Amino acid sequence: MGGAVLPLVIGSVGVLLLFQILLHLRRGASVQGVVVVITGASSGIGRECARVFHAAGARLVLCGRDTARLQEVVQELSGNSGDGQRQTFAPSTVVFDLAKADSVGKAAEEILKCYGHVDVLINNAGISYRGNILDTHMSVQRDVMETNYFGPISLTQALLPSMVQRRSGHIVVISSIQGKISIPYRSAYAASKHAIQAYFDCLRAEIGHLGIPVTVVSPGYVRTNLSVNAVTGDGSTYGVMDKTTASGWDPRDVAHAVLKAVHLKSKDVVLAGPLPTVAIYLRTLWPALFFKLMASRARKEEKRKDE
Ligand SMILES: NC(=O)C1=CN([C@@H]2O[C@H](COP(=O)(O)OP(=O)(O)OC[C@H]3O[C@@H](n4cnc5c(N)ncnc54)[C@H](OP(=O)(O)O)[C@@H]3O)[C@@H](O)[C@H]2O)C=CC1
Ligand SMILES: CCCCCCCCCCCCCCCC(=O)OCC(=O)COP(=O)(O)O
């Protein structure tokens with residue numbers, strides 16, 4: 001009888017410890033006072049990240065193009081002092097357009113002035129696209145690349161030297177399942193997300209040993225305004241809330257997953273259901289079948305448009 005008690009006590013203490021660790025992870029105590037920069041903080045995933053990181057005690061620098069919409073987020077967060085268990089901070093804002101190459105350097109200087117350094121950069125801002133390649137202006141292909149690829153990598157490269165100097169920092173990028181597989185009528189978007197994945201995989205290998213982790217987060221569909229704001233082949237706004245978007249993940253869950261990824265210093269996180277996950281493996285292991293499925297998907301979508 002006595003022999004069974006000790007393992008039971010050790011087991012219970014172990015479970016209790018594990019519970020405490022999980023609780024600690026959920027609370028995100030690791031970002032208390034940490035300087036977190038979020039691009040695209042005015043809506044969708046970025047706005048939810050702002051809420052979640054603010055509640056976890058981060059000192060935020062929120063970025064976007066629209067002063068009024070950013071101020072709305074600041075107002076909301078400033079009036080919300082969290083659960084009272086930790087100190088929260090009123091966010092700072094920096095307004096700039098990632099697609100304007102000459103504005104990013106100046107914005108990085110402004111960001112650094114807020115707290116003197118950056119602990120976590122979350123490259124979240126982005127735009128999607130709808131269109132077939134034959135009818136898409138080259139200017140659209142370039143514009144999507146500016147916002148989704150050149151903008152984030154310019155900002156990253158402008159902030160990196162200060163992280164390297166301090167031997168401290170963390171770079172996060174919100175990519176997409178479409179950074180891993182390409183689906184028809186998304187050429188500009190999928191290409192920009194593949195480019196982002198490749199760039200940050202290279203960066204991870206180059207700077208990991210300096211104590212600066214790189215996290216690529218690849219969500220599936222998320223319930224935001226991404227499809228509404230998407231650009232079409234002639235440069236006009238798509239303006240439609242797609243069913244896939246409307247029935248996607250709650251952006252709050254994505255934001256919590258980003259916080260967890262920061263805490264765990266995860267390298268590559270896929271946030272999607274089984275089908276997209278199978279598709280990623282299929283693309284590598286049985287590409288011929290994957291290409292066939294995508295071609296059939298393209299024909300079906302073409303037919304739907306013709307009806
Ligand atoms: N929703 C989804 O299904 C998925 C989204 N993602 C990715 O998540 C990220 C966030 O998108 P999501 O929240 O869904 O979409 P939203 O359209 O809701 O948000 C996009 C954000 O990006 C900002 N933004 C867009 N263009 C620029 C620019 N040129 N310069 C600066 N900021 C810009 C917008 O700010 P403002 O317009 O105020 O300037 C806005 O805050 C994107 O990178 C997207 O690719 C990935 C997978 C799935
Ligand atoms: C033998 C078994 C075969 C099973 C594999 C079937 C392959 C199914 C293809 C699944 C495609 C999933 C696409 C997911 C796309 C996605 O989640 O994108 C996220 C976004 O970035 C959304 O942006 P968008 O502008 O496209 O709304």
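A polar contact here is a pair of N or O atoms within 3.5 Å; within protein, one atom must be able to donate a hydrogen and the other to accept it, and residues adjacent in sequence count only if both atoms are side-chain atoms. One such contact, at 2.9 Å, joins the side chains of Arg204 and Asp201. The model is a predicted one, in which local features need pLDDT of at least 70 and side-chain atom pairs count only at pLDDT 80 or more, while totals for chains, interfaces and linings use all residues. Residues are numbered from 1 along each chain as its sequence is written, chains are lettered from A and ligands numbered from 1 in the order in which they are written, and side-chain values use heavy atoms, with hydrogens and water left out.

Arg204 itself sits in helix H6, residues 187–207 (helices, H or I with at least four residues, and strands, E with at least two, are DSSP runs numbered from the N terminus). Arg204 counts as buried because its relative accessible area is 16% (buried means under 20%, exposed over 50%, partly exposed in between, with a 1.4 Å probe and protein chains only). Setting aside neighbours within four places in sequence, Arg204 is in contact with Val214, Val216, Lys267 and Asp268, contact meaning heavy atoms within 4.5 Å.

Next comes Ile127, found in the loop between strand S4 (120–123) and strand S5 (129–130). With 23% relative accessibility, Ile127 counts as partly exposed. Beyond its neighbours within four places in sequence, Ile127 touches a handful of residues, among them Val144, Tyr189 and Leu226. Ile127 and Glu301 are 174 residues apart in sequence, and their C-alpha atoms are 21 Å apart in space.

As for the overall layout, the chain is split into domain 1 (29–272) and domain 2 (274–306), with bounds from an automatic or database domain assignment.
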